[in-house]
Structures are given as C-alpha cells and as structure tokens.
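Here is a quick tour of the structure shown below. Have a look at it first, then read on.

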Amino acid sequence: MPARKKAQTGKPTFVFKGTVKKLKSATMKTVAVDSKTVVVSVDQLIEAPPDLAAYVGQEITVQLSGAIKPKVGQQLIFHTVSGQYGESIEVRSLSEEPVQATHSAMLSAAVDPIERHRDRERRSHFDKADLVVSGKVLAVTLPADEQAKSASKTALAAATTTRRKPVSEHDPKWRNAVVEVDEVHKGKHTKKQIIVRFPASTDVMWYNAPKFQPGQSGHFLLQKSKPEEPAKGGKATKKITAAAAVAPAETTDTYVALDPLDFQPDSEPGGIKNIIESENS
Amino acid sequence: MPAKKRSKKASKASKKKTSKKAATPKVLLVNIIPKSLSGETHQDSEPTIAVNPANLQQIVATAFTPDPQHGEYAPIYMSQDGGNTWTLNSIVPGNNRRTGTGDITVKFSKSSNVLYAGILRGDSRGFRLNILRTKNFMSSTPMEILVDRKGVDQPYVQVATVSRGPHKGKDRLYVGNNDLHVKSGATATIDRSLNAAVSNPRFKKIRVESRDTPGQDGPPVRPSIHPDGTAYAIYQSWRTYDDDSGEGTADIVVLRDDNWGSGSKPFSDLIDPLDGKTGVRVAQSTKFNFHGSLGLQRTGGDVALVVDPTNSDVVYIAYNDDHGVDYVLHLLRSKDRGETWSQDLRKIRNALNPGLAINNAGKLGFLYQALRGPAAAQRWITKLELTRNGSSWTTLTLATTPAEIPEFKFDPYLGDYAHLMAVGKDFYGIFSASNTPRKKNFPCGVVYQRNANWTTETLLNVNNTSPVKVSIDPFFVKVAG
C-alpha cells in the first residue's frame, strides 16, 4: 500500500496548463489515491526541465494542493514539484489557478518552456552571486595548495607519518582562471583582475563546472571563495600555461565558479545578458 | 606426456570447470529507467541495490540519477513487484540537478522494513557524508539524517539485525568509509551503530587502520556482517603514493570482529602473523594507479568481501591490482575466519566492479565487468559467475555493450562499483551499461521499461516516436539460485 504523500515545500519546477480528466484517480499503480488525486492531460508546458519536455498531450497524475476542488474538464495552470516517475508521472501541485486573460504572456508559445526553466535557474544564480562581471580569461594557473601537493610528493615514496593532503577520486583539481574585468554588473569590485577558482576534474562532483581556457570571454556569476590553506612547505613552481606569468598574486580577490550557469560566453545570446538588462532598466 | 597433449587436456579440464551447460539459472534482467523518463540521456552510473528481506517484492536501487524536476531531493529507484517494474521516488537529501546524489549505497533492515543509506550529498562540495534512514521508502517524506559530517569518501552501508538474545531485533548498522579528515593518516573508518533503528541512534567512528600510511588509505572500506555477530571488513591499506603519477602500493587487509564490532577494540580479532598488527594482509604491496583507467572507466582499487550466511568461517574477497598494463581482478577464499587464504580462485584480466554474494545454500555469486576486444571495438562484458565450491563455475553473460558508446560525460563512466547480494536462494544484482536496445547485447534476455524499437535498435521518447540518444542506464538482475 503506497504511503500517503506529505506536503512538500519548495519552488515549482514543472508548470503547465492542463485539463482535469478524472477525479480520485491516478495514471500509476504505485501512488496513493485520495480526494486530491486527479488525472490531468498536459495541454501546454509553461516551464519544464528537459526530462519532462515531451509531456504535451500526455495524461499524468497530479496531487492537488487542496486549495481548489476542480471539476472534470476544467482547465487550470498547475505549479508542481516532483512526485513519482514510473509507467507515468505523478507531480505534486503547490498551487493551481484557473486560466485567465492575465496569463496570456505566460502562455505565449514564443517562449520555450525549457528555456524558461533555465532562465529561472539563471535568475536564481544571479541573485545568489556575490559578484557578476564581464571579462576575459587571461591565464589558467595552478593554485598554491595544488602546487604544494605536487611538491610534497618526494616525501611520499614510502610510508611515512608526514601529513600530506589526502586525495580522493572526487579531488576537484583546482585551477585558477585569471580574469581581466571589463565591467562589474553586480557586487563591488575595483581591481582590474580577479581570480576565478574552478575544478578541472571530470569527476561526477565537478564535471559540469566551467572549464576555463585562456582567451574565453563572457559573463561570470561568482561566489566568494574561502580558499583552503596551502599545505606547509609548498613551493610555487608549477605552471599550467605559459601565460601563467601574468597571474597576479593570490592576494587578488578570489571567487569560485562551480556551476555551468556560472559562466556564459559572449557568443551566447540572451540568458544573463537579459537579466542584466532588466536590472538596469 | 608431450606438452601439446598436456595442454589440450588442461584446456579440456578448464572448459569443464567453467561449463555453461550446467543447468542454466533463470535470469531476470531489467533496464530500470521508467517508461515516463524515456527521453532521459543521463549517465546513470555507479548503481547499488537493496532487497527488503522482510518483503522480497520490495527492492530499492540507486545510481547517479538526478531528480527529473531538478528539485531538492535526489531519487531512489523502487520496485514493489520483485524487480519487474521500477519507479523513481525523490527522497534523498541534497540533489544535484545534473547528477542527483553523490556516492550512495543502501541496505534494508532484516525485519523492520527500514531502509538505510550512506551518501555523499550532491549539493555539497565538501564530501559531506549523510547516514540516512526511512521507515517507508515509498513515501514522499525525505529520508531522515542520522549522521552529517564532511571530509568523507565512499560510504558503504551494511545492516544486520540481531535475531536472538537480549539484543534481539536491534539493527546493527555499519558504514565503511574513507574519512579524509583523520590527521594520523589512518583514514579507513567504519561508522557503527549497535541500535540504529531507535530515535537518535549513537554512532561510533572506528578507525581500523593499524599501520603507517602515506597520509591515507584507499577509498573502499567494505564491511560484511554475519547474523551470528561475526563482522568482517576489507580495505585497501595504502603503503606508498605518488601525487604526480597517481601510482601507489597497497596491502589488501581483512579485519574481523567476533561480537558485532562492539568491544573496546572493534575489528581487531584478526592479527597478521608476520607483523603482529590488526588485520590480515591477504596481499601485500599490490600496485595501483589512482589516475588509471580501463576503457573510459577509471581504476584505482576495487575491493569486495562477503561472509557465507551458512557458515561465518567462510569468507570470499575480491580485489584489483595492476599487472603491467592490465588491471587484474582476483578472487580468494578463507575457510578459517580470515586467518589463511587460498591462492586465486579466479584471476581475471582487465575486469573491475566486483560484486560478491552467497546464498542460503552456500553458493557464491561473483559479478564483474570486463573490458574485451580489439582497441577499436572494445566492449564491456558484464558477467555473473556462480559456484558451490570455488572450482566449478557456471558463467552467465548478462550484457556485452560497446565500450565507447555513449561518449564519456564524467567519472565514473560505469561506476566505481556495481552490486550483488543474495536473499534466500536468489541473487540480486545491479550494474550500469550502455543502453542500446539490441538483443544480442543481452544474451540472457532483457526487459526495457523505457520506450524502444528493438527492430531499428532505437530508443524512443515518451511519445514512442522521437528517437533518443544512447546513454548509460542501470540494469537490475535477479538470478534464481
């Protein structure tokens, strides 16, 4: 017997216009059915993650918020979060609202629902960012703590009690991108350069972080970094690129970029550029 | 006897020993991506599985699968019909919107339906360990956090439930992990609770390393618990390590505790006869390369251990090491509680992700994934070998899939582990593989939930029309013992 669902909080991530097809019914055997459980036909996607982009025309199960009691045939806009995914999908509606004329902009077919979803995520990143700048990557260098790790290897040829920084398959392999700042769009920054720390690792924990290369230019959405202390005895000798000579000392403000949305190349239209434009208007 | 004849005879004997004509067990193989996610193309690698011993219809699986709606919680896969069909339920804290949770393993209590999990949270970059619990994995209620700390790698959960005596009914929970915050370098650790089902259970961090290390041990620490209270564990005890090359040497160490790991010096009942320290070194100075790879899958050290549920004296282990350019998988057995060990029962070139399980008749299941074929056409061959005596084997080829399709997205490509377990007479396993719907890729047969056209060998989206790219999926397997 499936357990009764418990109310979830959070922001809706799958928003669609749908028509109620059946009351007290579900499209899946594994979900609990009660008076709030309805079968809904997805008429139009408004905001959708990529995995749910093909759901127009499909019947799915919706666990209603309880705010309204819909009738069969009624068309509503559902703001939902994840439920179960099996032979069909079950979503949990945080709120429902009747379709009104004021929704016409939201229901405009001109806006891609996946892009709208991405825009919401971008907006969230922008809001959380400590600093948003546009600029160009001048060089990529090895941070002091990574240099220390390398330099200490000679002490490790045999078992020893010497403390070295342990490694893991999830090791981020930190790198520093030296970025020349053209313009500051959010936050305070007065220096001409910043250091953007990013993981070069292809591990599951880090693979989708931006992998900066010298010459890249675009917008950077950055969080302040609290760099780890370099290992004692470390020696700054190793360079990643020849251009590393232009790297400033690590006393320069350091930030981190960990998410693919933390960088948007100049060649990509819209996105963060639209957000900055809307902030300035 | 002429060498040629001797060779022929040996070859014949070898073939007999690995006969495939022995009664072929019944196999159920299911691609567990649900039909409703037919459009997904994630790299759903590193799978694990837990079967509920109190209800064999209930099975939970995990992989690097994100919540389809990019929500706060990562999903588990759950089956309520013995593994025939599967559903995602997002209840694991710390979803990363592209990869779901970080490292995860799961295990049920023997009798209470409680599901435990050890995870690295997907929303943390600090190797944040959570030990989790839920009394109802089918509910949308998120799993309860029992332990929360940083700096930990590869949590591996095992549970045993006390079946008699004053502690009857208590869940003994063991989470092997590599605790990288340990300053002494003795990082191999087991987090243990002797009564994990109660409110606010107490945990003890057991540091199991007794030898000097180059600052740490290897990532995998794998406990295995017998219902009589004998607790074993295996880990990769690092002896040397070179940060630049990733090369190192390690001892393969087996530990034992005869009373649930509950005394003042837990897991110290096996003493190495040569150096007198805790833990028998089954193999010494094995070579590994932490930067190495086999095909698109990274290597660096695999270990597995299982204790025979019918006799706690009998233990099997598997481990990997480097032999020249080969990554070699070894299988060994002890019949005297880990004191002494056999030579290799199996030695398999270029294979990894060992899963070991023993059923209630003492039959061993040995799951692994081997890279085979010429460079341009290599394939991952996933096999399950079964034996009652360690010398006569029945071999099942579960999957043979292209080694470089789909393209690599991240490490690990297939996973740093796959899993096998036994409940009663049956074996239950899980592995990840390329998901092209091609019948000859699955010689024992396979069931897909996601939409596919088996004639054109094409995956299809939820509309059952639009083609979908090939990706890595988790495959559940049940083999009748």
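## Chain A at a glance

Helices (H or I, at least four residues) and strands (E, at least two) are DSSP runs, numbered from the N terminus. On that basis, going from the N terminus on, chain A reads β-β-β-β-β-α-β-α-β-β-β-β-β-α. That comes to three helices and eleven strands. Keep in mind that this is a predicted model.

Chain A has 281 residues, and 41% of them are buried. If you take the contacts in chain A with a separation of 6 or more, 77% of them are between residues 24 or more positions apart.

Chain A has a mean pLDDT of 84, with 81% of its residues at 70 or more.

Two stretches call for a separate mention. Residues 154–161 of chain A have a pLDDT below 50, and in the model this stretch has 19 contacts beyond near neighbours in sequence. Residues 227–250 of chain A are also below 50, with 53 contacts in the model, again beyond near neighbours in sequence.

## Where the chains meet

On to the interface: 47 residues of chain A are in contact with 59 residues of chain B. On the chain B side, strand E5 (87–93) and strand E15 (231–241) each supply at least two residues. E5(B) gives the largest share of that side, namely four residues. Sorted by class, the side of chain B that touches chain A holds 26 polar, 17 charged and 16 nonpolar residues.

Strand E4 (residues 75–85) of chain A runs antiparallel to E5(B), and two bridges join them. Within this region, Gln84(A) stands opposite Asn89(B) in E5(B).

## The nonpolar core

The largest nonpolar core has 194 residues, and the ones that touch the most other members are Val196(A), Leu305(B) and Ile317(B). In chain A, domain 1 (14–111) and domain 2 (124–154 + 168–280) each give at least three residues to this core.

What does Val196(A) touch, leaving out residues up to four places away in sequence? The list is Ala177(A), Val179(A), Phe212(A), Phe220(A), Leu222(A), Tyr255(A) and Ala257(A).

Ala370(B) sits in strand E25 (residues 364–372) of chain B. Is Ala370(B) buried or exposed? It takes 20 or more other C-beta atoms within 10 Å to be buried, and Ala370(B) has 20, so Ala370(B) counts as buried. Not counting residues up to four places away in sequence, Ala370(B) touches Ile348(B), Asn350(B), Ala351(B), Ile381(B) and Lys383(B). Ile348(B) is 22 residues away from Ala370(B) along the chain, and their C-alpha atoms are 8.1 Å apart.

Glu385(B) belongs to strand E26 (residues 379–387) of chain B. With 18 other C-beta atoms within 10 Å, Glu385(B) is partly exposed. Glu385(B) touches Phe366(B), Trp393(B) and Thr395(B), again leaving out residues up to four places away in sequence. Between the C-alpha atoms of Glu385(B) and Ser79(B), 306 residues apart along the chain, the separation is 25 Å.

Most peptide bonds are trans, and most residues other than glycine have a negative phi. Chain B has some exceptions worth a look. The peptide bond from Ile405(B) to Pro406(B) is cis, with omega near 5 degrees. Asp411(B) and Pro412(B) are likewise joined by a cis peptide bond, with omega about 0 degrees. Pro406(B) lies in the loop between strand E27 (393–402) and strand E28 (419–423) of chain B, and Pro412(B) is found in the loop between E27 and E28 too.

As for phi, Asn113(B) has a positive value near 70 degrees without being a glycine. Asn113(B) sits in the loop between strand E6 (104–108) and strand E7 (115–120) of chain B, and is partly exposed, with 17 C-beta neighbours inside 10 Å. Ser285(B), also not a glycine, has a positive phi of about 50 degrees. Ser285(B) is found in strand E17 (residues 280–289) of chain B, where 13 other C-beta atoms within 10 Å make Ser285(B) partly exposed.

Notes: Residues are numbered from 1 along each chain as its sequence is written. Chains are lettered from A and ligands numbered from 1 in the order in which they are written. This is a predicted model: local features need pLDDT of at least 70, side-chain atom pairs count only at pLDDT 80 or more; totals for chains, interfaces and linings use all residues. Two residues are in contact if their C-beta atoms, placed from the backbone, lie within 7 Å. Ala, Val, Leu, Ile, Met, Phe, Trp, Tyr, Cys and Pro count as nonpolar, Asp, Glu, Lys and Arg as charged, and the others, Gly among them, as polar. Two strands pair if DSSP finds at least two bridges between them. pLDDT is the predictor's confidence in each residue, from 0 to 100. A residue is buried if 20 or more other C-beta atoms lie within 10 Å of its own, exposed if 12 or fewer, and partly exposed in between; C-beta atoms are placed from the backbone. A nonpolar core is a set of buried Ala, Val, Leu, Ile, Met, Phe, Trp, Tyr and Cys residues joined through C-beta atoms within 7 Å. Domain bounds come from an automatic or database domain assignment.
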